[in-house]
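Q: Please take a close look at one part of this structure, the pairing of charged side chains, and lead me carefully from there to the surroundings. Longer explanations are welcome.

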Amino acid sequence: ELPKWIETYNRELTNFNHIEKRWTPIFAYDKYVNTQVNVMEGIQSKINKRIDFITDNDLDIKAHVSKEFEALTLTPAANSAMLAFAKQLIAKNEMGADEVPDMLNIVLDSPRMICRRYGPESLEYEDMLYRLDRDLADFITFLHAQVKDPQQVVITLSSDHGTSPSY
């Protein structure tokens with residue numbers, strides 16, 4: 001049985017707040033390293049024609065919920081949604097508020113999905129990494145504000161399915 005706050009969270013479709021109609025870059029195209037070189041597909045000609053990152057998988061807010069959440073996994077918003085849920089979990093369960101150690105394992109799977117869909121040298125993957133960096137900084141700030149002794153927090157990050165050549 002789920003805690004009441006999670007039932008409410010799910011019933012209110014809270015993750016829909018993270019779904020955007022289109023995934024647009026956070027920086028100008030000329031700020032991305034991968035706008036210049038793409039070893040996998042020679043994407044340079046496509047970049048000049050693209051207005052939005054996702055053109056064949058638009059997120060229609062009126063579509064079925066499962067389709068929406070599946071599409072969400074192919075955007076950086078899935079990382080944001082997962083970390084927002086983790087914040088709620090930490091706060092509602094008062095994790096880090098006493099002397100008993102708590103452990104929370106968070107899996108951010110959208111980097112793998114984005115890498116598989118667009119490739120490790122794509123603008124989409126690079127943009128997701130910039131957004132993930134911001135999301136993680138925000139989450140770590142939140143975490144340190146929530147726990148009784150921030151010196152007792154251990155954060156381990158690991159990565160797979162992504163490479164980038166040295167420039």
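A: Lys 4, with a relative accessibility of 58%, counts as exposed, where exposed means over 50% relative accessible area, buried means under 20%, and partly exposed lies in between, using a 1.4 Å probe and protein chains only. This is a predicted model, in which local features need pLDDT of at least 70 and side-chain atom pairs count only at pLDDT 80 or more, while totals for chains, interfaces and linings use all residues. Residues are numbered from 1 along each chain as its sequence is written, and side-chain values use heavy atoms, with hydrogens and water left out.

The side chain of Lys 4 meets that of Glu 7 in a salt bridge, at 3.7 Å from N to O; the term stands for a side-chain nitrogen of Lys or Arg within 4 Å of a carboxyl oxygen of Asp or Glu. Both residues belong to helix α1 (residues 4-11), and because they are three residues apart there, about one helical turn separates them. Helices here are DSSP runs of H or I with at least four residues, strands are runs of E with at least two, and both are numbered from the N terminus. Glu 7 is partly exposed, at 29% relative accessibility.

Lys 4 and Glu 7 are joined by a salt bridge, and a search of the whole structure finds four such bridges. In general, side chains of opposite charge can pair when their charged atoms come close. Another of these pairs is made by the side chains of Asp 138 and Lys 87, with 2.4 Å from N to O. Asp 138 lies in helix α6 (residues 123-146) and Lys 87 in helix α4, so this pair ties together parts that are 51 residues apart in sequence. Asp 138 counts as partly exposed, at 42% relative accessibility.

Asp 109 and Arg 112 form a salt bridge as well, their closest N and O atoms being 2.5 Å apart, and Asp 109 is partly exposed, with a relative accessible area of 33%. Leaving aside residues up to four places away in sequence, Ser 110 touches Thr 73, Thr 75, Ala 78 and Asn 79, where a contact means heavy atoms within 4.5 Å.

Helix α5 also packs against α6, with an angle of about 165 degrees and axes 9 Å apart; axes are lines fitted to C-alpha atoms, for helices over the stretch in contact, and angles run from 0 to 180 degrees between N-to-C directions. The two helices α5 and α6 are therefore roughly antiparallel, a word for angles over 145 degrees, whereas angles under 35 count as roughly parallel, 65 to 115 as roughly perpendicular and the rest as oblique. From α5 the contact is made by Pro 111, Ile 114, Cys 115 and Tyr 118, and from α6 by Glu 124, Tyr 125, Met 128 and Leu 132.

In the loop between α4 (77-92) and α5 (110-118) one finds Glu 94, which has a positive phi of about 50 degrees although it is not a glycine. Glu 94 is exposed, with a relative accessible area of 58%.

As a setting for these details, the protein has six helices and zero strands, and of its 167 residues 34% count as buried.
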